[in-house]
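Subject: Structure for you to look at

Hello,

I am passing on the structure we spoke about, shown just below. My notes on a pair of helices and on the pockets follow.

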Amino acid sequence: MCTLSYFLTDDGYELFFNRDEQKTREMAIAPSKHTDNAIYPIDPQGGGTWLGVSHWGQTLALLNDYQSAFDITAVKHSRGLLIPHLLSNNTPALSQLKNMDLSGYAPFKLCIFPDKLSLNNGHIAFVRWDSKQLIDCQVESLATSSGVELETVTQKRKQQFKQFIDLRYPASEQFLAFHYSKADQGQYGVNMQREDAMTVSISHIKVGNTIRFNYFDKQSQLISSISCLKVAAA
């Protein structure tokens, strides 16, 4: 269960991501710069990640697709390993995905923010792997995944989004207020709280002439920030 939102700027974009997980899951390792020229946190259980940005500004955000049926015995790879693999070179992620054999991965949704994206340039790709085919999805300002009551959860979070965000004049403060908002609606809130699961981390990636990855781990209450100069893709 996760929630993603974003807005475009004159020189890039800003992306916000709440990761929801079981309370029993091991705490993630905070974002760092990796040898594949990318910044991302690591999930110790699978060794991969749900969110990462390359040094040239391409960001990938992964959401589990709980609604697609699949054969669990056919799963050979963790979905979290996709992002480090796709960010390990400067080939556009969508091109790589279309040429990959995805049959060993459980269903997922992937939002792709290209390196040259800005208010007046480029477009975001949102694709879904349903265990059989890669499907283009409609890109919206808010994306949500949930293992329970997806339709209701999505509707409730969209209502909250409209209360916090003015899409005519989007600003970081609005989006941060939304993603940090108290989970008054329990599992329906974007800052989710359920008996068995909760929002475990909140991320904010800002891409312009520089790249910054701000990360708040709710379990440890630690805030970290890592940045680098954006480099031109070869």
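Helices α3 and α4 cross in a right-handed sense. Please keep in mind that this is a predicted model. Helix α3 covers residues 150–164 and helix α4 covers residues 172–180; their axes lie 9 Å apart, and the packing angle is about 145°. On the α3 side, the contact is made by Arg157, Gln160, Phe161 and Phe164, while α4 brings in Gln174, Phe175, Ala177 and Phe178. By class, five of the residues in this contact are nonpolar, two are polar and one is charged.

The largest pocket has a volume of about 560 Å³. Its lining is made up of 28 residues, and those closest to the centre are Glu21, Arg25, Asp43, Asn64 and Arg79. Strands β2 (13–22) and β6 (59–64) each supply at least two residues of that lining, with β2 giving the most, four residues. The lining of the largest pocket counts 11 nonpolar, 10 polar and seven charged residues.

The second largest pocket holds about 350 Å³ of space. It is lined by 20 residues, and Lys109, Phe126, Glu140, Leu142 and Ala143 lie nearest its centre. Two or more lining residues come from each of β1 (2–8), β7 (108–113), β8 (125–129), β10 (142–145) and α3. The lining of the second largest pocket divides into 10 nonpolar, five polar and five charged residues.

Regards

Technical notes: Residues numbered from 1 in each chain as written. Predicted model: local features only at pLDDT ≥ 70, side-chain atom pairs only at ≥ 80, totals over all residues. Heavy atoms only, no water. Axes fitted to C-alpha atoms, helices over the stretch in contact; angles between N-to-C directions. Left-handed = near helix turned anticlockwise from the far one by under 90°. Contact = heavy atoms within 4.5 Å. Nonpolar A, V, L, I, M, F, W, Y, C, P; charged D, E, K, R; others polar. 1 Å grid on protein atoms, 1.4 Å probe; cavity = no way out; pocket = protein on both sides within 12 Å on 5 of 7 lines; lining within 4 Å. Points joined across faces, edges and corners; volume = space filled by probe spheres on them.
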